[in-house]
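Please keep the sequence and the model at hand while reading.

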Amino acid sequence: MKKAIVLLLVLAAMMVPVFAQGGSETTTLTLSEVHAEGYPTTLADYEFARLVEERTEGRIKVEVFSGGTLYGEETGAIEALQIGDIAFARVSASPVASYVPALNVIQLPYLYRDGDHMWQVLNGPIGQDMLAEIQSSGSGLVGLAYYDAGSRNFYTKTPVKSVEDMQGLKIRLQNNAMMVEMVQLLGGNGVTGIGPNDVYSAIQQGVIDGAENNWPTYESMGDYQVAPYFVLDGHTRVPEILLASEAVLETLDPADVEIIKECAKETQAYEIEQWALREQSSEEKVVAEGVQVTELTPEQIAEFQARMTPIYEEYGAGYEDLIQEIINTGL
Ligand code: BDP
């Protein structure tokens, strides 16, 4: 008994310097997320936070602010990362391309055959080089991991059954000039500057005629109640990205930065799993509530796709070989 106590005291004495050296203080880092609690990306944010706290033995805590409470527009979160105001943001790759233009190449309209194709590209050398490019471009941002966001489709107050039906429609888009051009080429008008949590009221008030997104966002934001026509044109697959602030990472112990990077990568599989579940349940829910889904024939989709040539010429300039490599991936 006595021996055990002595042993404990010795062990305790040995641990003191460890705590002193490592710093017993906890650094709390902020993560911004536009989606609500329970959404696949938000679940992944919490999983990231859990892993970071566990692996850094409590030296670093990540506090998740969901529902766009910090930044309703992802552009705001990205700029806050650049100046080191927040440490992390889970955002879509679409607005990031306004700061790292090369990222447009992995989200060109009608680029991927399906989700598997996109994942082969993103988790292969092309996608990983792009993720590294976020930092090496000097943006002040660090790309930690890609998450799934399925495919994006138009949804409107009036049915869209062909490219002609897009004529004159005001469509809310993410903050990305390439996407604005995409809608223009389809005959509509792209509207930016509306955060995803404000799309519902913008449709309701008639500021816009519709928007575009995946099943889970369409369902979770309630947009299906005011724009009940969903056309499966699948114009883009835009991955989500977990971003870090380079300025904030520089203030941390490099070993902890490595842990953070590792934890982010590990959450990818978890998010993809959660994504698949939610994609299906969201689709089922909105269809049960009366959403009219229009499926297009391959010929009709080809009409949408044919209009994209100027985008490939403009945004693909200098990346012709890379785009070909993406198209050939998995064939
Ligand atoms: C959702 C993305 C979210 C974007 C939103 C949007 O998950 O990051 O902010 O689209 O359209 O699919 O703004």
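## Salt bridges

A salt bridge is here a side-chain nitrogen of Lys or Arg within 4 Å of a carboxyl oxygen of Asp or Glu. The model is predicted, so local features need pLDDT of at least 70 and side-chain atom pairs count only at pLDDT 80 or more, whereas totals for chains, interfaces and linings use all residues. Residues are numbered from 1 along each chain as its sequence is written, and side-chain values use heavy atoms, with hydrogens and water left out. The structure holds 13 salt bridges. One of them joins the side chains of Arg50 and Glu54, at 3.1 Å from N to O. Arg50 and Glu54 are four residues apart in helix H2, and are therefore separated by about one helical turn; helices (H or I, at least four residues) and strands (E, at least two) are DSSP runs, numbered from the N terminus.

Glu212 counts as buried at 3% relative accessibility, and Arg152 counts as buried at 6%. The side chains of Glu219 and Lys285 meet in a salt bridge at 3.5 Å, N to O. Because Glu219 lies in helix H9 and Lys285 in helix H11 (residues 254–288), the pair ties together parts that are 66 residues apart in sequence. Glu219 counts as buried at 10% relative accessibility, whereas Lys285 is partly exposed with a relative accessible area of 35%. Salt bridges also link Glu33, Glu74, Arg90 and Glu240 in a network.

## Aromatic pairs

Rings of Phe, Tyr and Trp (its six-membered ring) pair if their centres lie within 6.5 Å, and planes under 30 degrees apart count as stacked, over 60 as edge-to-face and the rest as tilted. By this rule the count comes to eight aromatic pairs. In one of them, the ring centres of Phe48 and Phe88 are 5.1 Å apart and the planes stand at 90°, so the pair is edge-to-face. Phe48 belongs to helix H2 (residues 40–55) and Phe88 to strand S3 (residues 88–92), so that the pair links distant parts of the chain, 40 residues apart. Phe48 and Phe88 are buried.

The rings of Trp215 and Phe230, with centres 3.9 Å apart and planes at 15°, form a stacked pair. Here too the pair links distant parts of the chain, Trp215 in helix H9 (residues 215–220) and Phe230 in strand S9 (residues 229–236), 15 residues apart. Trp215 and Phe230 are both buried. Ring pairs link Trp215 and Phe230 with Tyr155, Tyr218 and Tyr224 into a cluster.

## Nonpolar cores

A nonpolar core is a set of buried Ala, Val, Leu, Ile, Met, Phe, Trp, Tyr and Cys residues joined through side-chain atoms within 4.5 Å. The largest such core has 53 residues, of which Leu103 and Leu243 touch the most other members. Helix H7 (residues 177–185) gives the most to this core, with five residues. Domain 1 (2–99 + 138–149 + 238–279) and domain 2 (152–236 + 289–328) both give residues to this core, so it lies between them; the domain bounds come from an automatic or database domain assignment. A second, separate core of 26 residues includes Leu31, Val62, Phe88 and Ala264.

Contact means heavy atoms within 4.5 Å. Leaving aside neighbours within four places in sequence, the contacts of Leu243 include Ile78, Leu81, Phe88 and Leu144.

## Helix H2

H2 has 16 residues and reaches 22 Å from its first C-alpha to its last, close to the 22 Å expected at 1.5 Å a residue, where the expected span is 1.5 Å times one less than the number of residues. Among the buried residues of H2 are Pro40, Ala44, Phe48 and Val52. What covers the buried residues of H2 includes strand S1 (27–33), strand S2 (60–65), S3 and H11. H2 is followed by Glu57, whose phi is positive, near 50°.

Definitions and conventions
Buried means under 20% relative accessible area, exposed over 50%, partly exposed in between (1.4 Å probe, protein chains only).
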